[in-house]
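Subject: Structure handover

Hello,

I am passing a structure on to you.

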Amino acid sequence: MPPESPVLTLDGPSGAGKGAVGQICAVRLGWHYLDSGAVYRALAHVLEKKSINIRSLDDVLKAAHEMNFECHPNPPEPARIIINGESAGAELRSEAAGEIASELAREPRIRSVLLGLQRNASRPPGLVTDGRDMGTVVFPQAVLKIFLTASPEERAHRRYNQLKLKGFDVSLAGLFQAIQERDTRDAERNASPLKAAADAVLVDSTDLTIEEVVTRVLNLLRTRLEIAGIDTVEQESGLT
Ligand code: C5P
């Protein structure tokens, strides 16, 4: 069997900076990038487009099976997502889409259909991916697992600024509460709950800039790749 290509996972609660950091790392490394939250958001989007009720599990599973999903890093903007051949718009990033995604993500049968799609994103020369269970369930063999956190207040602020820039009408207090509720739901569900892998490195981004987090992650990755004896052209261009 050919050796598996390396995977870097970034898990953590919403607003911790996983997407921003993950995308920059992927671009610098020349690796593929997967925003796994967008997979769940994409399914929510497909269901809405096809007028499928999220409680009709058979129809939801069929739509998940048939869903074609592409993700391209696009920092500093969110990743470019193509669903069933069509480019998705800003509506994918609304807090409402995140809520439906989080509802869908509680169902183990939906998660297991979407597992194959996520694992297929791992291709040479490597993959950077972020989400809630990338290091614990989807890529347990990842060469480096980061668990990225930030204080709830800081995360609400970041989300607020992001959504305001996109033209969404949101309140900071409302977002703070919505984020807390979504985190609780993600952490307390039975299926692949949000938690750090036992071998994850914890990084608190509350007082760090994106660039500082990127530097820390890429330094850790360089060491891990060296230890694992993985040597790629992209590694040289991205990490030196
Ligand atoms: O990261 P993002 O906010 O886009 O994720 C939307 C929702 O998708 C999360 O609240 C979570 O419920 C779900 N999700 C998940 N597992 C992942 C990524 C996201 O359950 N790996």
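Predicted model: local features only at pLDDT ≥ 70, side-chain atom pairs only at ≥ 80, totals over all residues.

**Overall**

The chain has 10 helices and eight strands. Its radius of gyration is 17 Å, close to the 18 Å that the globule rule gives for 240 residues, so the chain is as compact as a globular protein of that length. Along the principal axes, the C-alpha atoms fill a box of roughly 50 × 40 × 30 Å.

**The five-stranded sheet**

Start with the parallel sheet. Five strands make up this open sheet, and their order is S2-S6-S1-S7-S8. Which strands stand at its edges? They are S2 (32-35) and S8 (201-204). Each has a single partner strand, so one side of each is left without a neighbour in the sheet. From one strand to the next, the twist averages 20 degrees.

Now look at S1 (residues 7-11) and S6 (residues 127-131). These two strands pair in the parallel sense over five bridges. Valine 7 has leucine 127 in S6 as its bridge partner.

Two helices to look at here are H2 and H9. Helix H2 (residues 36-49) packs on the sheet and touches S2 and S6. The direction of H2 makes about 50 degrees with that of S2. Helix H9 (residues 210-228) also packs on the sheet. H9 touches S1, S7 (144-149) and S8. Its direction makes about 160 degrees with that of S7.

**The three-stranded sheet**

There is also an open sheet of three strands, in the order S3-S4-S5. Is its pairing parallel or antiparallel? The pairing is antiparallel. S3 and S5 (86-87) are the edge strands, and each pairs on one side only.

Take the two pairings in turn. S3 and S4 pair over four bridges. Histidine 72 has arginine 80 in S4 as its bridge partner. S4 and S5 pair over two bridges. In S5, serine 87 is the bridge partner of isoleucine 82, and glutamate 86 is the bridge partner of isoleucine 83.

H2 comes up again at this point. This helix packs on the three-stranded sheet too, touching S3, S4 and S5. Its direction makes about 45 degrees with that of S4.

The hairpin of S4 and S5 has two residues between the strands. Asparagine 84, in this hairpin, takes a positive phi near 50 degrees.

**The ligand**

How many residues surround the ligand? The number is 16, and the closest are Arg41, Arg111, Asp133, Arg182 and Asp186.

- Arginine 111: an N or O atom of its side chain is 2.8 Å from an oxygen atom of the ligand.
- Aspartate 133: an N or O atom of its side chain is 2.8 Å from a nitrogen atom of the ligand.
- Arginine 159: an N or O atom of its side chain is 3.5 Å from an oxygen atom of the ligand.

On its own, the ligand has 460 Å² of accessible area. The protein covers 97% of that area.

**Backbone details in the loops**

Two cis peptide bonds are on my list. One joins proline 75 and proline 76, with omega at about 5 degrees. Proline 76 lies in the loop between S3 (69-72) and S4 (80-83). Another runs from proline 124 to proline 125, with omega near 5 degrees. Proline 125 lies in the loop between helix H5 (108-119) and S6.

Serine 51 has a positive phi of about 50 degrees, although it is not a glycine.

That is the handover. Over to you.

Best wishes

Definitions and conventions: Residues numbered from 1 in each chain as written. Heavy atoms only, no water. Pairing = 2+ DSSP bridges. Axes fitted to C-alpha atoms, helices over the stretch in contact; angles between N-to-C directions. Contact = heavy atoms within 4.5 Å. Near = heavy atom within 4 Å. Polar contact = N/O pair within 3.5 Å; in protein donor to acceptor, adjacent residues only side chain to side chain. Areas by Shrake-Rupley, 256 points an atom, 1.4 Å probe, with all protein chains shown as cover. Rg over C-alpha atoms; globule rule 2.2 N^0.38 Å.
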